[in-house]
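Here are my notes on this one, jotted down as I went through it. Have the viewer open while you read.

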Amino acid sequence: MSDNGFVQYHYRDAIGGFFEFPTENARALLPQDLQPIEPHHGSSVLSVMAFDFHDSPVGSYGELILSILTAPRVEQGQPWPRSAFFPFRLATTTRESREHAIERWHLPHYMKDIDLRWDRGDGHVTIHATERGQPIVDMTVTEFEWSEVEHRYQAFMHDDEGFYSSTIVMKGLFSENEEEKGGIVIHTQAMTELLEDWELTTTPFRELWMKNGVQTFHPLQQLASYARR
Amino acid sequence: MATRVEAPASSNVLDYDYSSFFYSSSDDPFAILEPYNEWYNRATRQGYYLFAQPMSTPPAARISLEEQLHNRTVPLLNLSSYNYLGLSYRPEVIEAAKRALDKYGLGAAGSPILSGTMDIHVELEEAIAKFKGKEAAMVFPTGYSTNVGMISGLMRPGDWIIADQNSHASIVDGAILSKANVRFFRHNNVADLEKKLRQTTGKKLVAVEGIYSMDGDVCPLPDIVDVCKRYGARILLDEAHSCFVYGPNGRGVAEHYGLHEEIDIHIGTFSKALGGQGGYVASSRGLYNYLKGFARSRVFSCSLSPVVAAGVLESLKLAQQEPQLRETLWKNVAHIRKRLDAEGVDVGDSTSQIFPVMIRNDRRVFEIGHKLLRAGLYLQPIIYPAVAKHRSRFRVSVSASHTFEQLDEGVSILARVLREEGIIL
């Protein structure tokens with residue numbers, strides 16, 4: 001962590017899958033001022049992301065993030081965010097990383113350590129998330145064309161103390177496709193219990209894969225205008 | 001680690017889309033305009049906006065286009081217009097419109113349920129009903145307002161609308177306005193449609209299209225009808241791109257499959273094969289009477305201009321009197337398909353008069369588009385979010401008014417540019 005508020009997390013791999021699910025489920029989780037992105041009317045987007053961090057203020061660790069994609073807030077005179085998301089459940093492989101993320105970024109965590117196994121194949125990667133041997137999520141994404149990018153995102157968070165946002169810049173190799181070749185299996189488990197009744201698609205309409213990059217969190221902003229549902 | 005990081009000096013305009021500019025953090029609704037226009041202007045300056053360039057000629061095989069990036073007028077071979085039967089500029093159509101202009105003046109000056117219905121509108125509705133073999137047909141001022149008014153006029157909160165995920169925005173917006181429950185099934189996937197139908201109870205409307213305009217593929221109507229019948233769902237078939245083109249009498253894909261009587265609601269437009277403007281709902285007299293009161297997009301719009309109605313009526317007559325127009329169109333489709341195949345051009349799953357020329361690179365599709373314009377060919381690039389990421393393409397629309405020579409010329413230009421760009425070998 002730095003005293004100017006910017007914090008960097010270096011990753012070997014980061015993958016993501018976007019899955020459609022009913023907007024009524026999204027609205028039940030989102031603060032009322034946040035609007036879900038709808039690729040089709042009535043369908044919102046669950047983003048499932050996994051990170052393999054090798055260098056950070058809390059050492060190396062793995063992270064699994066469940067988020068809902070939301071419309072970003074564009075500010076005059078500021079760089080535009082590529083997109084925005086509302087993380088509603090995160091799990092990490094170490095206690096230190098979990099405590100850091102809760103304290104520093106107010107991110108809503110699953111309070112037990114998980115394991116993340118990465119199976120890297122030819123043109124695809126699969127993550128297996130488990131907790132003490134019990135499966136949580138298995139997700140596969142496929143590669144497309146790689147390019148060096150610097151993408152800017154917004155994250156929105158809330159906890160008992162208030163509402164927040166942070167800009168996150170992802171810099172590194174990037175591949176993105178909508179070829180519908182990946183997949184996800186969500187197991188019945190405490191971390192994923194919220195998803196049990198969702199009509200979630202199991203083929204991602206978009207797959208992301210980032211390599212050898214750095215994730216930079218910009219200083220946290222407290223928001224006054226978001227009212228909690 | 002943890003070094004000061006500056007914001008990116010510049011960003012790639014193609015990393016953004018309309019959803020990126022939906023909300024601003026300000027309380028002023030105009031605050032979003034400045035960042036949006038910065039994006040729009042940057043995209044335009046960099047050549048990433050090849051849309052809405054004005055044409056100064058009829059949408060014929062040869063056109064003049066006001067090319068905006070370089071501010072010049074360019075003569076082009078046109079493979080972009082929907083004028084499938086070449087009727088928009090036929091002398092008979094123009095004369096009919098002129099006569100109507102002399103007789104009625106420019107506009108209808110009223111809603112169709114008040115003072116805006118003229119005898120030419122009634123004549124057009126009767127002609128469409130007769131052509132479609134239905135009890136009644138209702139004319140709307142645009143194709144968009146047809147689906148919006150039809151769907152929102154009939155469906156209610158608690159009902160179910162199940163539509164193909166590639167449905168036109170007018171179907172989606174009609175569904176939203178109806179406040180019914182909406183589910184989308186995977187494109188042309190009847191198994192997924194059945195899965196969605198199985199999950200619903202109550203009143204159900206399934207909305208599909210004869211031809212999907214981005215891919216030029218036809219809906220698997222026999223299987224869709226079968227599953228809808230089994231689950232008691234009404235079927236809305238939008239034949240915007242297929243009516244007057246498909247079927248032994250040009251009635252559309254439903255006639256092509258011998259399923260004309262199985263469709264509950266036939267939708268179509270006058271702006272594609274008939275070269276005019278407006279749309280219709282053809283169905284029962286009962287539905288007509290109901291929509292007269294409940295299709296708000298029609299009730300609260302001015303009627304279709306009588307000038308356009310007269311032109312469309314003449315186009316309809318010509319489309320019926322000259323089946324050779326459809327025959328010519330299909331000969332042209334077969335000819336260009338053979339030429340595109342021979343050149344190794346990827347046209348996806350198209351089986352219709354619409355061919356997607358797959359580029360699969362969102363950035364290069366614009367560079368190639370400029371190169372095509374310089375080479376004398378007008379093709380419209382289609383990118384995300386109109387199609388999935390990396391499924392960018394050009395859309396070729398074939399018309400009966402094209403000659404084989406013109407189609408050959410178009411394919412030659414296209415193949416040469418695609419070969420120079422490494423898209424084909």
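In which sense do strand β4 of chain A and β1(B) pair, and over how many bridges?

1. Parallel, over two bridges: that is how β4 (residues 73-74) of chain A lines up with β1(B). Pairing here requires that DSSP finds at least two bridges between the strands. Within this pairing, Tyr23(B) in β1(B) sits opposite Arg73(A).

2. Before going on, some housekeeping. It's a predicted model, so local features need pLDDT of at least 70 and side-chain atom pairs pLDDT 80 or more, while totals for chains, interfaces and linings use all residues. Residues are numbered from 1 along each chain as its sequence is written, with chains lettered from A and ligands numbered from 1 in the order written.

3. The A/B contact draws on 34 residues of chain A and 33 of chain B (C-beta atoms, placed from the backbone, within 7 Å). On the chain B side, β1 (23-24), α1 (33-45), α5 (169-178) and β6 (181-185) each give at least two residues; helices (H or I, at least four residues) and strands (E, at least two) are DSSP runs, numbered from the N terminus. That side of chain B splits into 19 nonpolar, eight polar and six charged residues (nonpolar: Ala, Val, Leu, Ile, Met, Phe, Trp, Tyr, Cys, Pro; charged: Asp, Glu, Lys, Arg; polar: the others, Gly among them).

4. Now the domains of chain B, with bounds from an automatic or database assignment: domain 1 is 62-78 + 323-420 and domain 2 is 91-321. Their C-alpha centres are 28 Å apart. Domain 1 puts 15 residues into the contact between them and domain 2 puts in eleven. On the domain 1 side, α12 (323-342) and β11 (354-358) each supply at least two residues.

Methods. Two residues are in contact if their C-beta atoms, placed from the backbone, lie within 7 Å.
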